[in-house]
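Please look over the sequence and the model shown here before reading the report.

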Amino acid sequence: MGLLALVFPLAALGMLTAFAVRRHDDALGRALALRRVGLGIVLVFATMVGVFMAGEALADPGGWAAVGMICAWTVPLGALTLFAWLRPEPAFRVLRLAAVALIALDTLTLIGVRSVQSFQLSYDPARDVAGVVIMAALGVVGYKLPGQAARLAVVTFALPLAVAVVAESTGDAVSLLLISLLPLVSSAYHLAAEHVLAAEGAEPEQVATGVAA
């Protein structure tokens, strides 16, 4: 049922993409449209997840403790996404290390390492926050460096899903698919933009400003 609920949003996204891309006759304009849609997907999704997490915190524990919890992830989220926008290449190097750590944590949990599973149970919200922060920052970097960020995002969100399937953990696989689907779709847009740029022989920075070579 959860997967079926994604059919209509994805269909609407497809129509939006077709409209955005067909407005441009030139390759650079189409690449820019694809990157804008890819960035929009991940930022809207991260905002929705953030609102849900904030609601959970306000419900339990609530009060000033909830405010502290919300600030504990909104501040790093804002700082890292701003860093990713202003300095995409250094931010990408930081995100690469963070992604490796997140993949290792998820993989060890899925294959049944007890100490890591206990850590996940104790600090589960922290892991979710890390995933949202990495997802949002990679989406921002993807606007500037589409190919590099998209490939890292695919590995980050698809590899744990593949491990869950191999480990025959159906519940984990479905949960990871629901969480990972939109970041993976966003990555597909960034890869498509890179393909358009490669066909045109343009550099990624040209699309960010809309200036052709």
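This is a predicted model: local features need pLDDT of at least 70, side-chain atom pairs count only at pLDDT 80 or more; totals for chains, interfaces and linings use all residues.

Residues are numbered from 1 along each chain as its sequence is written, and side-chain values use heavy atoms, with hydrogens and water left out.

The chain has 9 helices and 0 strands, where helices (H or I, at least four residues) and strands (E, at least two) are DSSP runs numbered from the N terminus. Buried residues, those under 20% relative accessible area with a 1.4 Å probe and protein chains only, make up 43% of the 213 residues.

The axes of helix 4 and helix 7, which are lines fitted to C-alpha atoms over the stretch in contact, with angles from 0 to 180 degrees between N-to-C directions, come within 9 Å and cross at roughly 5 degrees. Helix 4 is therefore roughly parallel to helix 7, a term for angles under 35 degrees.

| Helix | Residues | Residues in the contact (heavy atoms within 4.5 Å) |
|---|---|---|
| helix 4 | 88–110 | including F92, L95 and R96 |
| helix 7 | 146–166 | including Q148, A149 and L152 |

T81 is found in helix 3 (residues 63–86), and because its relative accessibility is 17%, T81 counts as buried. A polar atom of the T81 side chain lies 2.8 Å from the backbone oxygen of L77. Leaving aside residues up to four places away in sequence, T81 touches A136, A137 and V140.

Methods
Buried means under 20% relative accessible area, exposed over 50%, partly exposed in between (1.4 Å probe, protein chains only). Angles under 35 degrees count as roughly parallel, over 145 as roughly antiparallel, 65 to 115 as roughly perpendicular and the rest as oblique. A polar contact is a pair of N or O atoms within 3.5 Å; within protein, one must be able to donate a hydrogen and the other to accept it, and residues adjacent in sequence count only if both atoms are side-chain atoms.
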